[in-house]
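Here is a short report on one structural model. Keep the viewer open while reading.

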Amino acid sequence: MSGPQGRRWDVVVVGAGFAGSLVAKRLGDQGWRVLVLEAGHGASSSDGGHADAVEAYRTALLKVPNSPYRTSTAAPSPAMGDVGEYFVQNGPLPYGSGYLRANGGTGLPWTGLALRMHPEDFRAGDFGQGRNWPLGYDDLEPYYRAAEREIGVAGDAEEQGAEIGLPFPEGYQFPMRPIPQSYLDQVMTKSLDGGTIRDPGADDPVPLRVVTTPHARNGLPNPSYDDGAGYRPAPGPGQPDRGTLCQGYASCVPICPSQAKYTPLKTQARWGSSVTLVTRAVVTRVRIGADGRAAGVDYRSYGDDTAGAVTHSVDADLVVLAAHAIENAKLLLVSEAANSSDQVGRNLMDHPVLLTWGLMPQQVGAYRGPGSTSGLEGFRFGAARARRAPFRVEIGNWGWTWSLGPPEQRVAELLGTGGSDGHGILGTELRRALGDQIGREFAFQFELEQEADPANRVTIDSRHRDALGTPRPIIHYDLSDYVKRGIAAAKAVSDQLFDLLGAQDHTRFEQGPGWPSYFEFEGSSYAYRAAGHGAGTHIMGDSPRTSVVDEWQRCWDHPYLYAVGCGSMPTVATSNPSLTMAALALRSSEEMHRDLLDRRRITSARHPAPAAS
Amino acid sequence: MELHQFAALSADLTGFDCRELQETGMLHTYRQVVVDQTGAERLDRLADSVAGTPDGPPRFEDDSARELARAITHLWYVGTWPGLPDSLPPDNGAGTPQTGPYVVSSQAYEQGLVWRAFGGNAPGAAAQAHGSWADAPSEAAPAPSEAAPRGARDTESVVAR
């Protein structure tokens with residue numbers, strides 16, 4: 001660690017994940033001196049620890065999202081489905097998502113799907129559910145384009161416009177051509193396209209169409225991108241000057257061995273020299289000055305574990321919290337900052353995911369390519385969202401991994417209890433059974449919008465602390481009937497999809513350790529997984545009375561304090577939120593730059609100083 | 001246990017023939033894992049009882065033999081030693097090995113037979129041509145039919161002794 005202590009910075013960014021890395025890039029490009037404090041570990045190797053992480057993944061017994069990455073007891077990372085290791089969960093239902101505290105953040109294990117939100121998603125309140133945004137799709141559109149360039153998106157803009165109704169500027173193209181649809185997608189297209197489905201929430205039958213999903217992973221560069229300038233995919237750390245094409249490793253979550261998937265480490269590689277990263281630096285408090293402005297932060301550095309932790313303090317003109325929705329809220333609560341609205345930590349949202357799974361009639365080549373290359377988009381918008389939560393349908397290429405576990409699980413079951421006598425099967429019988437089943441496995445992944453509900457919240461309590469003495473997040477979480485109606489509608493849609501496909505449905509939810517999120521609704525059994533999309537905890541709005549940040553993600557209560565990331569989102573919508581988080585971060589960076597210029601002007605007016613060095 | 005004997009036993013248990021098992025490069029390693037975990041004697045007993053039932057599915061002396069057979073098969077299919085319910089310390093006086101479950105190595109994970117069973121690859125293990133996932137899946141190598149002798153025993157031609 002080169003000693004940032006005692007120095008005054010233009011900007012301190014808390015968190016070196018998706019949003020923080022982008023903000024640091026933009027402000028660094030403007031020449032501002034930026035200190036980025038990351039709570040977790042970083043790697044000093046030239047490849048950013050990539051080779052070690054790939055090896056750790058391959059040898060991990062449980063290949064869960066955080067498994068490749070080095071985690072820390074000083075800055076614990078909640079696993080997916082953490083019900084007490086780090087989170088204190090008070091129910092009634094479990095909050096199922098985790099995140100990663102390491103350099104690159106949850107942007108390391110993320111899926112890499114880069115969808116825009118639908119224009120309707122910015123005004124969910126008009127449908128009587130959740131909140132409206134203080135800005136609209138049109139305000140964010142140029143920043144969506146900037147984000148698609150920065151993180152490198154492969155997709156088909158014309159199809160996104162025609163099938164989803166996303167407005168793009170005339171002739172817009174994504175930087176890269178779409179990631180090819182899986183064989184499973186193509187089989188589904190034959191059976192589903194042109195058909196309709198009855199959605200219990202909708203008045204009219206919903207037309208079906210299998211639509212290619214935009215990805216933040218490298219496809220073939222689009223020669224006509226940027227008025228013919230083309231696009232050059234960025235390399236990963238340690239790679240030569242050009243990124244590699246997606247090679248279908250089928251392990252995007254948690255790690256892409258070819259580094260074709262975007263991670264924030266790619267943005268960090270392009271940081272200017274005025275940006276300094278310090279890892280193993282757990283920010284414990286935002287310091288607010290007597291004038292109400294953000295003055296800096298306190299943080300604790302540590303070695304390999306919590307022993308020998310040292311407290312530091314840094315001053316900055318501007319403080320940007322980019323530590324994840326839950327960590328940002330925790331930090332504001334600890335600092336007793338930004339909470340005049342009493343909304344800090346509230347409105348916790350996620351994407352509850354209904355999984356349905358089964359076997360296709362024929363071999364479809366499961367477990368190849370990215371986890372999902374297409375979806376059904378017709379349930380994301382329209383009048384039905386007034387009655388039930390809207391949802392997006394991902395076609396899942398990785399069999400039953402998310403629902404029941406990877407194929408290893410089927411091996412263990414057939415060995416233990418397979419066969420007519422229930423004593424297990426071996427030899428050619430086992431080989432044939434696995435060969436028949438696993439390549440036919442598939443799943444539908446319904447990602448439900450969850451509306452902002454102030455009762456779903458993160459709090460802290462000094463009785464619950466982590467190893468470093470920092471408060472752990474205490475979570476109260478539930479699904480509203482609105483979401484449950486969405487889940488029930490999604491299940492009804494799934495039943496019809498299975499019929500249309502002639503597929504064998506193996507979906508079954510049972511109360512027990514396999515499904516801690518089990519619930520019953522209107523006489524039927526359901527359970528959900530979670531997509532890792534925590535949002536809403538420093539919610540954005542148009543009034544300091546009802547929201548924490550303004551449309552620039554600046555805290556209403558404190559000039560020069562920003563809280564960026566999915567925590568700002570007033571609706572989590574139905575799209576994976578990272579692209580929107582990136583677009584918001586890039587938009588906010590412009591306002592931060594203006595704030596910094598203003599601050600400098602004020603300071604130099606008060607203290608006439610010699611010409612800038 | 002000689003390597004060819006371990007290969008023959010493994011072929012009977014997995015349904016993959018000795019040549020296919022040899023190709024994984026895991027024979028030596030797995031024999032060592034099993035010996036370390038159960039002791040040579042118990043492994044020999046299992047091999048004798050399986051070899052004694054040349055037709056039809058393998059039969060086992062007792063539940064303990066069946067558990068060991070499952071564990072060896074699991075090891076081959078997944079690359080993970082699952083551990084045994086009746087795990088015994090090795091009788092050779094060596095240090096106590098990890099009793100499982102644990103992934104033997106990244107190579108073991110990559111070579112898991114479960115992926116070969118349907119013509120696939122372990123996630124994160126094999127680079128594919130860009131867009132190859134759009135093609136119809138290749139036919140998995142068919143399992144030998146039940147009529148053929150169980151687990152080809154042409155071990156001497158493929159397995160270095």
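Predicted model: local features only at pLDDT ≥ 70, side-chain atom pairs only at ≥ 80, totals over all residues.

Residues are numbered from 1 along each chain as its sequence is written, chains are lettered from A and ligands numbered from 1 in the order in which they are written, and side-chain values use heavy atoms, with hydrogens and water left out.

**Interface**

Chain A contributes 50 residues in contact with 48 residues of chain B. Contact means heavy atoms within 4.5 Å. The two chains bury about 3900 Å² between them. Carbon and sulfur atoms account for 64% of that. Buried area here is the accessible area (1.4 Å probe) that two parts lose on being put together, summed over both. On the chain A side, Arg58(A), Leu426(A) and Arg431(A) lose the most area to chain B. Together they make up 20% of what that side buries.

**Annotated spans of chain A**

Helices (H or I, at least four residues) and strands (E, at least two) are DSSP runs, numbered from the N terminus.

**A three-stranded sheet**

Strands of a sheet pair through backbone hydrogen bonds, either parallel or antiparallel. Chain A has an open sheet of three strands in the order 3-16-15, with mixed pairing. Two strands pair if DSSP finds at least two bridges between them. Strand 3 (88-92) and strand 15 (457-459) of chain A each have a single partner strand, so one side of each is left without a neighbour in the sheet. Neighbouring strands of this sheet are turned by 20 degrees against each other on average, direction ignored.

Strand 3 of chain A pairs with strand 16 (residues 474-477) of chain A in the parallel sense, over three bridges. Val88(A) stands opposite Ile474(A). Gln89(A) has Ile475(A) as its bridge partner. Strand 15 of chain A pairs with strand 16 of chain A in the antiparallel sense, also over three bridges. There, Val458(A) stands opposite Ile475(A).

**Backbone exceptions**

Most residues other than glycine have a negative phi, and most peptide bonds are trans. Strand 3 of chain A contains Pro92(A). The peptide bond from Gly91(A) to Pro92(A) is cis, with omega near 5 degrees. A cis peptide bond also joins Val253(A) and Pro254(A), with omega about 15 degrees. Pro254(A) sits in the loop between helix 6 (225-228) and helix 7 (264-268) of chain A. Arg280(A) has a positive phi, near 55 degrees. Its place is the loop between strand 7 (275-278) and strand 8 (281-288) of chain A.

**A helix pair in chain B**

Helix 4 (residues 40-51) of chain B packs on helix 5 (residues 63-78) of chain B at an angle of about 95 degrees, with axes 10 Å apart. That angle makes helix 4 of chain B roughly perpendicular to helix 5 of chain B. Angles under 35 degrees count as roughly parallel, over 145 as roughly antiparallel, 65 to 115 as roughly perpendicular and the rest as oblique. Axes are lines fitted to C-alpha atoms, for helices over the stretch in contact, and angles run from 0 to 180 degrees between N-to-C directions.

Helix 4 of chain B makes the contact through Arg42(B), Leu43(B) and Leu46(B). Helix 5 of chain B supplies Ser64(B), Ala65(B), Leu68(B), Ala69(B) and Ile72(B). By class, the contact has six nonpolar, one polar and one charged residues. Ala, Val, Leu, Ile, Met, Phe, Trp, Tyr, Cys and Pro count as nonpolar, Asp, Glu, Lys and Arg as charged, and the others, Gly among them, as polar.
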